[in-house]
Amino acid sequence: MIIMTMDRKTKMEHSDEKASKEVLPPPPPLPLVVPPKHVSTGSNRNPMARHMTGTKGRRIELVSNHFNVKLNKTTDHFYQYSVALFYEDGNPVEAKGIGRRVLDAVYTFHNAEMGSKEFAYDGERTLFTVGPLPGTQLEFPVVLENLSSNRTVRGGSPSEKDTKRSRRPPQSKSYTVRISYATKIPIQAIFNALRGQESDQFYEAVRVLDVMLRQHAAKQGCLLVRQSFFHNDPRNAISIGGGVVGCRGFHSSFRATQAGLTLNMDVSTTMILKPGKVVDFLLENQNVKTIREIDWVKAKRMLRNLRVKTFPSNIEYKIIGLSEKRCRQQAFFMKQRNADSPSEPVEITVSDYYAEYRNHQLTVSHDYPCLDVGKPKRPVYIPLELCELISLQRYTKALSNLQRAKLVEQSRQKPQDRMNSLKHEMKRTNYGADPLINSTGITIDNSFIQIEGRVLEPPKLKFGNGVDMFPRDGRWNFNNKTLVEPKQVKHWAVVNFSARCDTDSLRRDLVRCCKVKGMYLDAPHVVIQENLQSSRNPAHVRVELMFEAIKRAFSIIPRFLLCILPEKKNSDIYGPWKRMCLVENGIVTQCMAPGRINDQYLTNLLLKINAKMGGLNSLLSVECLQSIPIVSKIPTIIFGMDVSHGQPGRSDLPSVAAVVSSRKWPLISQYRASVRAQAVRNEMIDALFKPVSPKEDEGMIRELLLDFYQSTPQLKPEHIIIFRDGVSESQFDQVLNIEFEQIVQACKFLDDKWSPKFLVIVAQKTHHTRFFQPRSDANVPPGTIIDTKVCHPKNNDFYLCAQNGPIGTTRPTHYHVLLDQIGFSADNLQELVHSLSYVYQRSTTAISVVAPICYAHLAAVQMGQFVKFDDVSDTASSHSGGGGGGITQIPKLHGNVCTSMFFC
């Protein structure tokens, strides 16, 4: 690329001679915020401050992937400017990716007019400097000369010597860059935040520092994905099939912690398309062996908007589609010069052009479509075999289960390997050599920050026949143990959609295994096999035919159905089957996959069956003894809340919100769920409180509170503990002022004289903080808790690694205590959260996040999967209540199963 500039045309607003500094205009006013529905405009809650740290547990020395940042105290400001790009005709530039090239030209050729200032550009519409630019309104004309632009015959192919266009100078593009002052941000805001005086200016200041990190990576040619960057290095590639590659890179961001400002750096992975020949990519993407097997309709959809380079000319283009005809049939008109006089256009096919004028005989793509890299009305055709996909092109579609499994397996890193990768990258990035970062007065240490953690003792568990035990390394088993509260299962059946499953041995072994675990399971009333003819029907028809057979076999509806699916993963039977059982007929069901079945598999299966039937597999001993601090003494309900969003690219499916609640206080191990559909990609739950009349509320909270009242003999909870998953720190205020406000109003609507106390905790898994044992290859032990050093300087938060991490590097859960009206001590609260990782009824291991959140996630995902929203009528009632706002609601669960742990 060649960059040129035109005669400068710069507008500056100079100060008058008597003024030493120009008076900057105030920033533009903020837009008015419309209060959300159901939310009192008077509510203005903020996350609570930390009062104390925990003391319980064995001390352990750790290090974390945070690096200390020294920041010299300064009175300087970050100055923020708006950047607008325009074409020569005055139209705004909409194309992405051009901004950095244009601003690089401004820096190169107009540095003096910019006051010789280094600047950080976010790649879109904002620019930051340390100190002000010479004026509040700056305008620069720039010309980019791109060697790769349009060196082709229209309707033809790249040409270097045989066409008129090839002898013209390369095409240039002119731009106008307008830079306007927006606001200024005191760097002092960072110091204030570290002393607990947090403000919006702190987040803006840290955003500027993060933009500097992004720009540093962009200068190295990295792919940028939010705060992560990815080098173009084949050694970082993880092939997962389908022409998709996992690209390992790094996340970097600044964080305010108790230890001061830190740089958090971690390993990150994104999906990219496998670079290389387009033909090879299509073969792998469609999982076919020869080019004649390629589905060109799918290929056109897959290739659209991807970038390729041609060889041997090495020019880059963007694909807009495929030619309608094959290379040997697709013709275009070519203009030539003959003795400096133009001749009539000659019609020629793409294949003949390459053979006659480029001395290249097409072989692979002769009988197949060409790539169209032109414009909709002016196509430019290039044969497939002469094109390669360029590297670092993101793949944003949903991965298949097989791809996801490969990615997880191959991207795992042992703790020491992860540490070594981070140490190497810290040296490689060399932030200390960046003049802009240096101008802010910050210095980044290259050593991991040292931390003292604590390891909590695991809670004692209770099993059947009075057996107690302490889990070891976050694990336990049911060898020589029975279920603490087994349920008797009678009047049930096996339905088999698979031709590969031996149902005789399965039912025999399942009955035997249940007996050993203290669970009474009758022999199945009937085993119904799907016939070969039925298996050729669509999934919903197969399910309907199976239920016709069930009704013929039973005089009354069975209580339980064990369903054997035809495939291990992604069975299209699953959704229709679940809906038929749970919505239409009110039957508890457990699905299983054909394959290797042993006693361990059967034990895990019956744990789910027992929980769904209303039983309990194990309990905390303190539950049985009613000795959980505060929770066992005062009626307490525990909520878990989560929102599940549809797959990438499926904008037709609504998001699904789920809230689960504990039942039968003083137990904290049994839950039920309420589920609603809501607007696509809406993270805030909007159906917690839904008054439809002065005396009627169809919200989720009322439904769950009434269930608590009925399952706990007519007691209202005096304490309500809320665990919320899936929200970022920027959404904490919304959780407190929108969602929590709905919960408060739902309680008041139920009884205006009732004033329970609340505890609100957010759990985060999508963060980049990791902990390591400096002198061990093993992960941190289960129960490791950290509430110092890398935690927030003011707010009440802590990290907990409850789970055993035998593979890869353990990801801790970051818990943020937003509100505590109950008054838990740090130790009591941390032990309660730790204990809730041991009450997950379908597992024999401590899980990484509290069970109520896991259950909410399972309920949202399952209800979203088994309902095909386009098949649900507009008049279908929501699950336990109404909907609205044009969102098709989830159908209501049958009364027989609505209070069950159907999601377990």
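**A first look at the predicted model**

Colleague: OK, and where does K695 lie?

Modeller: K695 lies in the loop between β35 (691-693) and β36 (696-697), where strands are DSSP runs of E with at least two residues, helices are runs of H or I with at least four, and both are numbered from the N terminus. The C-alpha atoms of K695 and F749 are separated by 8.0 Å, although the two are 54 residues apart along the chain.

Colleague: Zooming out, how many helices and strands are there in the protein?

Modeller: The protein has 18 helices and 42 strands, and buried residues make up 54% of its 904 residues. Taking contacts, meaning heavy atoms within 4.5 Å, between residues at least 6 apart in sequence, 73% join residues at least 24 apart.

Colleague: Which residues have the most contacts inside the largest nonpolar core?

Modeller: Those are Y855 and F903, in a core of 84 residues; a nonpolar core is a set of buried Ala, Val, Leu, Ile, Met, Phe, Trp, Tyr and Cys residues joined through side-chain atoms within 4.5 Å. Helix α18 (residues 851-866) gives the most to this core, with nine residues. Leaving out residues up to four places away in sequence, F903 touches V660, Y671, R672, A673, R842, Y855, L858, A859 and Q862. Another core, of 45 residues, lies apart from it and has M271, I294, A299 and Y317 among its members. In soluble globular proteins, nonpolar side chains tend to be buried together.

Colleague: Switching to V225, is that one buried or exposed?

Modeller: V225 is buried, with a relative accessible area of 8%, and its place is in strand β8 (residues 223-225). Not counting residues up to four places away in sequence, V225 touches R214, F230, T270 and R394.

Colleague: Now the helices: at what angle do α10 and α13 pack?

Modeller: Helix α10 (residues 503-516) and helix α13 (residues 599-612) pack at about 70°, with their axes 10 Å apart; axes are lines fitted to C-alpha atoms, for helices over the stretch in contact, and angles run from 0 to 180 degrees between N-to-C directions. The two are therefore roughly perpendicular, the class for 65 to 115 degrees, whereas under 35 is roughly parallel, over 145 roughly antiparallel and the rest oblique.

Colleague: Which residues of α10 and α13 meet there?

Modeller: L506, D509, L510, R512, C513 and C514 in α10 meet D599, L602, T603, L605 and L606 in α13. By class, this contact has seven nonpolar, one polar and three charged residues, where Ala, Val, Leu, Ile, Met, Phe, Trp, Tyr, Cys and Pro count as nonpolar, Asp, Glu, Lys and Arg as charged, and the others, Gly among them, as polar.

Colleague: And how far apart are the axes of α11 and α12?

Modeller: The axes of helix α11 (residues 539-553) and helix α12 (residues 574-585) are 9 Å apart, and the helices pack at an angle of about 50°, which makes α11 oblique to α12.

Conventions. Residues are numbered from 1 along each chain as its sequence is written. This is a predicted model: local features need pLDDT of at least 70, side-chain atom pairs count only at pLDDT 80 or more; totals for chains, interfaces and linings use all residues. Side-chain values use heavy atoms; hydrogens and water are left out. Buried means under 20% relative accessible area, exposed over 50%, partly exposed in between (1.4 Å probe, protein chains only).
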